Amino acid sequence: MKNAANALLNRVEFPVLLAGLVIAAGLWGFEELMEVARATTPHAFDTEILLAFRQPGQPGVPIGPLWLEGAMRDITSLGSSAVLVLITAATILYLLLIRRPATAIFIFVAVAGGQVLSSLLKAGIDRPRPELVSHLVNETSLSFPSGHAMLSAVTYLTLGALAARFLPGRTTKIYVLSLAVLTTLLVGISRIYLGVHWPSDVLAGWCAGFVWAMLCWLTAWAWQRWRGQRLDGDSETGD
């Protein structure tokens, strides 16, 4: 039994095992956070963190200097639908220009599928926006999970992983992937700072986004192995 397990581990690449662990942890985390979202009263975890971003006794005044609120508005826009669609469209167009249609389709399916999944999850949980503090930006959609957090994870992690495949050197790859993760985290934090999401909304968005991004990556990896060629199905240069 032990030998069989060792043989299986030797056949599976480490990134695949890591992706599997991320998916398992993300699904578990999302399920736990979903119970928090469905509770009739806000969890102390949510209220304490949300209030920590406001001046004591002044739920309408965020902490920090005046410029920080403007910076958070700018950062949160990196997770908006308009910005993510623009980035995705530009990437897909570039891939089509260099004759990598399969990669372009993969990016479209990953990002568009994430958007559909986010909308379905919001409708299924039906959690209203927090009213504990004032909203520093206008939002009209449902709260759980955070669409900005989830779609930032899906888009930036997918594009980061794609870029890392073509970059030379491990250091450069780590830098690009770290930048994608950092951007995702900052977008989620900005949603809490601006008062438009409970912390559990953002955590759930990250969980769902990471799971979806990893599932897309595993699908692409399996497709490559099955076809025995690159994701784009073309030559190294695409010419």
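Mentor: Helices here are DSSP runs of H or I with at least four residues, and strands are runs of E with at least two, numbered from the N terminus. The model is predicted: local features need pLDDT of at least 70, side-chain atom pairs count only at pLDDT 80 or more, and totals for chains, interfaces and linings use all residues. Residues are numbered from 1 along each chain as its sequence is written, and side-chain values use heavy atoms, with hydrogens and water left out.

Trainee: Where is R127 placed?

Mentor: R127 is in the loop between α6 (101-125) and α7.

Trainee: Why is R127 called buried?

Mentor: Buried means under 20% relative accessible area, exposed over 50%, partly exposed in between (1.4 Å probe, protein chains only). R127 has 6% relative accessibility, so R127 counts as buried.

Trainee: What makes the pairing of R127 with S200 a polar contact?

Mentor: A polar contact is a pair of N or O atoms within 3.5 Å; within protein, one must be able to donate a hydrogen and the other to accept it, and residues adjacent in sequence count only if both atoms are side-chain atoms. The side chains of R127 and S200 make such a contact at 2.7 Å. Another, of 3.1 Å, joins the side chains of R127 and D46.

Trainee: How do you know that β1 and β2 pair?

Mentor: Two strands pair if DSSP finds at least two bridges between them. Two bridges join β1 (residues 54-55) to β2 (residues 58-62), and the strands run antiparallel. R54 stands opposite P62 in β2. The two strands form a hairpin with two residues between them, and G57 in the turn has a positive phi of about 75 degrees.
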